[in-house]
Amino acid sequence: MSARRPPVVGRYTAEELALAGRNRGMPLEALRHDVTPSGLHYLLIHFDIPAAAPGWKLRLSGRVERPLELGLDDIKALPSLTRRVTLECAGNGRGQMSPRYPSVPWLEEGVSTAEWTGVPLAELLARAGLRPEAADIVFRGADRGIDRGIEHEFARSLTPPVALDGEALVAYAMNGAPLPPQHGAPLRLVVPRWYGMASVKWLFAIEAIDRPFDGVQQASSYHFRAAEGEQGVPCTLMRVNSLMVPPGIPDFYTRKRVAEAGVIDILGRAWGGAGSIERVELAVNGQWRDAVVEPRQDEFAWQRWHAAWDARPGEHELACRATDCTGARQPLEPPWDLSGFGNNAVQWVEVTVR
């Protein structure tokens, strides 16, 4: 076959297996849904799910004209909107890399789409009134732990232009219901187009500061790096990516597929942070051809694609790759990254047709 497979990875450690048990991916058959059911949405919990705090309030402070302290009822009383947003973990695909960085060993299921309801972040910041010296907006979650030897609460930042661009939501509902505990209840940030680490869960504080934020998860983690010791480039917008629903039925242990001969409709989704998907190709045994890409229905959500495959008896290998409106196209092999971030290599599915 003309296409080369990703490298075989080594054995997973007990710690990686424990992380994988806590942080699960979306079953690929859930790609059939435009909106991922909440119970099937991928999950990444960096530390622990915090206990619900009685009398919880969101604080807006720092370099603002009017510091605010808002309860959940106060926030729900503000003008709200609902956005359909695709989120993907920055480490999605890490488990396919070799050597592999010791963290959550995602294969390719760390992506989902939900409808988030909340208050536009720009609206809250306008009410607080950013002062001219505000250089960074910090979002603090209630989950606390130790990473890289430093104890801290999970916190990330956005620059004022990004925070005020009207895209981000401070969300209190997911798919029409209150946020589940594992998805950030009672309040979380949702930043469309960015990798999921920007969408801080269990949000309790927003602080405007007069310098770039140097927290662990901002300055040390979530950077693309080729080698140890590099400063690297921050992870921001999702790279162009695509997945298909594996056809047929699976072998329980290997997940290899078995399908009946005949025309099979292959269905998938494609997404990226830079804009709309312009092209998706399906390969059968290394031979690429165009699939049908459906028009984008939601600005911040994945797009559906499909292709008919005339499946003949034998062993076959399927793959899909997307190209976005900037011309960026998925690579055939995982792009190397020291921490396993940003792997948007094509998906490969082995199918036995009988």
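What follows is a chat about some local features of a predicted model.

Visitor: Where does Glu-153 lie?
Guide: Glu-153 is in strand S6, which covers residues 150-158. Keep in mind that the model is predicted.

Visitor: What does the side chain of Glu-153 make a polar contact with?
Guide: With the side chain of Arg-140, at 3.4 Å.

Visitor: And which residues does Glu-153 touch, leaving out those up to four places away in sequence?
Guide: Arg-140, Gly-141, Asp-143, Arg-144 and Phe-204.

Visitor: New topic: rings. How many aromatic pairs are there?
Guide: The count comes to three aromatic pairs. In one of them, the ring centres of Tyr-42 and Trp-106 are 5.9 Å apart and the planes are at 80°.

Visitor: Why is the pair of Tyr-42 and Trp-106 edge-to-face?
Guide: Because the planes of the two rings stand at 80°, and an angle over 60 degrees counts as edge-to-face.

Visitor: Where in the chain are Tyr-42 and Trp-106?
Guide: Tyr-42 is in the loop between helix H1 (14-22) and strand S1 (58-62). Trp-106 is in the loop between strand S3 (81-88) and strand S4 (111-120). The two are 64 residues apart, so the pair links distant parts of the chain.

Visitor: Is Tyr-42 buried or exposed?
Guide: Buried, because its relative accessibility is 8% and the limit for buried is under 20%. Trp-106 is buried too, with a relative accessible area of 4%.

Visitor: What about the pair of Tyr-222 and Phe-341?
Guide: Tyr-222 and Phe-341 are stacked, with 5.2 Å from centre to centre and 25° between the planes. Tyr-222 sits in the loop between helix H5 (216-220) and strand S11 (223-224). Phe-341 sits in the loop between strand S21 (314-324) and strand S22 (347-353), so the pair ties together parts 119 residues apart in sequence. Both Tyr-222 and Phe-341 are buried.

Visitor: Which ring does the charged end of Arg-188 sit over?
Guide: The ring of Trp-116, at 4.7 Å from its centre. In another case, the charged end of Arg-321 sits over the ring of Trp-288, 4.0 Å from the centre of that ring.

Visitor: Now holes. How many cavities of 30 Å³ or more does the structure hold?
Guide: Three. The largest cavity has a volume of about 260 Å³.

Visitor: Which residues are closest to the centre of the largest cavity?
Guide: Leu-44, Gly-196, Met-197, Ser-199 and Lys-201, out of 21 residues that line the cavity.

Visitor: What is phi of Arg-193?
Guide: Near 80°, which is a positive value in a residue other than glycine. Arg-193 is in the loop between S9 and strand S10 (203-209). Its relative accessibility is 24%, so Arg-193 counts as partly exposed.

Visitor: And what is phi of Asn-285?
Guide: Near 55°, again a positive value in a residue other than glycine. Asn-285 is in the loop between strand S17 (277-284) and strand S18 (287-290). At 25% relative accessibility, Asn-285 counts as partly exposed.

Terms used. Residues are numbered from 1 along each chain as its sequence is written. This is a predicted model: local features need pLDDT of at least 70, side-chain atom pairs count only at pLDDT 80 or more; totals for chains, interfaces and linings use all residues. Side-chain values use heavy atoms; hydrogens and water are left out. Helices (H or I, at least four residues) and strands (E, at least two) are DSSP runs, numbered from the N terminus. A polar contact is a pair of N or O atoms within 3.5 Å; within protein, one must be able to donate a hydrogen and the other to accept it, and residues adjacent in sequence count only if both atoms are side-chain atoms. Contact means heavy atoms within 4.5 Å. Rings of Phe, Tyr and Trp (its six-membered ring) pair if their centres lie within 6.5 Å; planes under 30 degrees apart count as stacked, over 60 as edge-to-face and the rest as tilted. Buried means under 20% relative accessible area, exposed over 50%, partly exposed in between (1.4 Å probe, protein chains only). A charge sits over a ring if NZ of Lys or CZ of Arg is within 6 Å of the ring centre and within 35 degrees of the ring normal. On a 1 Å grid over the protein atoms alone, a cavity is a set of points where a 1.4 Å probe fits but cannot get out, and a pocket is an open set with protein on both sides within 12 Å along at least five of seven lines; lining residues have an atom within 4 Å of a point. Grid points are joined across faces, edges and corners, and a volume is the space filled by probe spheres set on the points.
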